[in-house]
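Here is a short briefing on a structure that may be new to you. Please look at the sequence and the model first, then read the points below.

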Amino acid sequence: MYDLPTLEPIRRYKSIAVLTSGGDAPGMNPAIRGVVRTALHHGIKVYGVQRGYSGLINGDIHVLSSKGVSNIVQKGGTFLKSARCSEFHQATIRANAASQLRKLGIEALIVIGGDGSLTGAHLFEEETGLPVIGIPGTIDNDIFGTDDTIGFDTAVNTALNAIDKIRDTADSHERYFLVEVMGRSSGFLAVHVGIAAGAEMIVVPEFAVDVEAISLQLATSKRKGLGSSGIIVVAEGNAPGLTNRLAEQMAHHGHTPYVSILGHIQRGGHPSGHDRVLASCLGAKAVEYLLAGYSDMMVGVNQGQVVDVPLDNLTRYRKGLDPELLKIALQLHK
Ligand code: F6P
């Protein structure tokens, strides 16, 4: 596991709130539990906000108890529910949301979510002065400043489970499959899944798709007797339908790959042991950072250590794929 900082409490809070926002990720429940139980341990009252920023705007906010977060550590999804809330892009709406918290005497907010949700959290603190701590929760693992995000490990394993099965039928019928994984505009999930699945090729949004090169490589493998079946992992990218279009284009080059889109199964299921421990630690440390006087930051993981990352950095920098990992992925193709 990770090295955890020792933090001394220097600030007092009576009440804080926690919410989950954006695409759900397996491990959000243990993260909420980590926040709630750590806060209660320090004598702080904790509120749960329903449906992310939508619940904040509507005042859908309720007190959470220690018992209320029992029996959730192993459950996928988020019991607080999640939502994508486009209204929160407006400063006036964010100001109204802050007044909902102030009405209840809530002095700080912990946000569990992806890049967009944490960017919203930064703006919220900057404009309203309410202290915010972010916890990275997304299967995409695309958040700047952290090597790991809650849900990524589970999603990798869920995709692998499916791909191992697809490979059985691909082998039997000597077929190629294009398997689409999630990840929107980033290829972290695809690269990790591709390496772990022993994929013949990996297509990521960070690089232009070269249909001719893919087709040529398949033909070469066949000619060299390296096999006439395999898995090509494709990251979904921003424009829906990429994998089907790729299959159509490959047909013009004499290949007829099958397409399998894994979709939202990657977002569900029991969180892995890794994600449960990561989520529990980040939930606990989020509260401890708050008590140590920090705010406008995310609890992240850097080279094996839990660290504080200014939320502002997430708005200014983009996390890039590790070139060494890409090199390994390329070297391991047959
Ligand atoms: O950000 C997580 C994620 O699962 C992406 O990988 C995917 O592109 C997106 O969410 C899908 O979001 P929604 O379920 O809202 O369509």
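**Cysteines**

Cys281 is buried, at 18% relative accessible area, where buried means under 20% (1.4 Å probe, protein chains only). The model is predicted: local features need pLDDT of at least 70, side-chain atom pairs count only at pLDDT 80 or more, and totals for chains, interfaces and linings use all residues. Residues are numbered from 1 along each chain as its sequence is written, and side-chain values use heavy atoms, leaving out hydrogens and water.

- Cys85 is buried too, with a relative accessible area of 14%.
- The structure has 0 disulfides, a disulfide being a pair of cysteine sulfur atoms within 2.5 Å.

**Ligand surroundings**

- Residues around the ligand (a heavy atom within 4 Å) include Arg84, Asp140, Arg184, Glu236 and His264.
- By class, this shell holds 2 nonpolar, 3 polar and 5 charged residues.
- Asp, Glu, Lys and Arg count as charged; Ala, Val, Leu, Ile, Met, Phe, Trp, Tyr, Cys and Pro count as nonpolar; the others, Gly among them, are polar.

**Ligand contacts**

- A polar contact is a pair of N or O atoms within 3.5 Å.
- A ligand oxygen lies 2.4 Å from a side-chain N or O atom of Glu236.
- For Arg84, the distance from a ligand oxygen to a side-chain N or O atom is 2.7 Å.
- For Arg184, that distance is 3.5 Å.
- The ligand alone exposes 400 Å², and the protein buries 75% of that (Shrake-Rupley method, 1.4 Å probe).

How values were computed. Buried means under 20% relative accessible area, exposed over 50%, partly exposed in between (1.4 Å probe, protein chains only). A polar contact is a pair of N or O atoms within 3.5 Å; within protein, one must be able to donate a hydrogen and the other to accept it, and residues adjacent in sequence count only if both atoms are side-chain atoms.
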